[in-house]
Amino acid sequence: MDLEQSATPLIISGPCSIESENQIMATARALAKIPEVKMLRGGIWKPRTRPDAFEGRGEEGLVWLREAKKETGLPTATEVATPEHVELALKYEVDALWIGARTVVNPFSVQQLADALKGVDVPVFIKNPVSPDLNLWLGAFERFQKAGVKQLAAIHRGFSYYKESPYRNFPMWEIPIELTQRLYVPLITDVSHICGNRELLLPTAQKALDLATDGLMIECHINPDEALTDARQQITPEELKQLLSNLTFRAKNSGSVEHDLANLRGEIDDIDAELLQLLARRMEVSAQIGEYKKRNNVTVVQMDRWKKILADHIATGNDLGLSPQLINEVFEAIHQASIERQSRIMESNSNQL
Ligand code: PEP
Ligand code: MN
């Protein structure tokens, strides 16, 4: 499984929960007719908020899932939360396992799962924890890596958020982006659990593709309105087909795009090199001013001059189409560094006295 190398994103689809033989077989058959769909998902054990809700079919569901795979040829994936789940899923030849958002928050559970998967060569997808805690997510990866699990991918399913939002789970795109920059693992975006409704699926999937996701997980049910779990966010296979045809798949590695990008990136690199040279020169002049201030007993911070400089820069920046916020932040940082440099000069000179 080489998600990052594949030209098109991996599309994983299937019901939130496997409810009956009929339901999973009919859904799988319809999904198998959509060429983009490459993997069949189905929840066997469902982590439910309240105790009396439907908690999944358990082992008999695995029998049907294996049947669906045999008939359609689609590899399968399910959620595991305990070592017993791992054992049963492997017994029924599930091809990939995912660790759910509620499990990833608990390092004890994650460790037990990592131990259960020691020496087993099966792809493991790790969902983000429900809370926006990058370290917890990273920690889960480290536990599986230490256990020797090689085929790891991240699933972004959004985060619990205290503010009102149109999403069921707030995307906070910066967190999965940061994760993939630190770990270089493929990223799958579970748009169904981010959105929590059907209406937002298309724009959210497009946004994920624009940000270069490696895959999409989208829940699909042969009769979504009757689904025993997550009815509001599931769509029919026909609707999935429609949704996929409305998405723009952007090239990640296509030749000409790469070439244009390489040119632009080269330009950015040159500009950055110039900026660095200029910054170094500015610091050098600032140091000379520091020496002068010391000799003439002038304070380091000259507030009036600084306020004037900043106002002038903001006005010039405005003419150049640069936001006042950017100018403010950049020059505040530069000014701060200058003050520190000059203060050090004052200190070192006084030490010599
Ligand atoms: C699911 O994929 O059906 C599920 C329960 O997801 P999550 O762990 O992201 O809530
Ligand atoms: Mn679900």
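The following exercises, with worked solutions, concern a predicted model.

**Exercise 1.** Determine in what order the strands close into a barrel, and how β1 and β8 pair.

*Solution.* Step 1: the 8 strands follow the order β1-β2-β3-β4-β5-β6-β7-β8, with parallel pairing. Step 2: from one strand to the next, the twist averages 25°. Step 3: β1 (residues 10-14) and β8 (residues 215-219) pair in the parallel sense over 5 bridges. Step 4: within this pairing, G14 has E219 of β8 as its bridge partner.

**Exercise 2.** Identify the strands that helix α6 touches, and describe the contacts of F141.

*Solution.* Step 1: α6 (residues 134-146) packs on the sheet and touches β4 (96-99), β5 (124-127) and β6 (152-156). Step 2: the direction of α6 makes about 160° with that of β6. Step 3: the largest nonpolar core has 63 residues, and F141 is among those with the most contacts inside it, as are V124 and I126. Step 4: α6 supplies the largest share of this core, 6 residues. Step 5: beyond its neighbours within four places in sequence, F141 is in contact with I126, L152, A153, A154, L179, L183 and V185.

**Exercise 3.** Name the residues that coordinate the manganese ion (ligand 2), and decide whether C16 and E219 are buried or exposed.

*Solution.* Step 1: the ion is coordinated by C16 (SG), H193 (NE2), E219 (OE) and D230 (OD), at 2.1 to 2.3 Å. Step 2: along the chain, these donors follow the spacing C-x176-H-x25-E-x10-D. Step 3: C16, in the loop between β1 and α1 (21-32), and E219, in strand β8, lie 203 residues apart. Step 4: buried means under 20% relative accessible area; C16 has 1% and is therefore buried, and E219, at 0%, is buried as well.

Key. Residues numbered from 1 in each chain as written. Chains lettered and ligands numbered in written order. Predicted model: local features only at pLDDT ≥ 70, side-chain atom pairs only at ≥ 80, totals over all residues. Heavy atoms only, no water. Pairing = 2+ DSSP bridges. Helix = DSSP H or I, 4+ residues; strand = E, 2+ residues; numbered from the N terminus. Axes fitted to C-alpha atoms, helices over the stretch in contact; angles between N-to-C directions. Contact = heavy atoms within 4.5 Å. Core = buried A, V, L, I, M, F, W, Y, C linked by side-chain atoms within 4.5 Å. Buried < 20%, exposed > 50% of the residue type's maximum accessible area, 1.4 Å probe, protein only. Donors = N, O, S within 2.8 Å, 3.2 Å for Na, K, Ca; no water.
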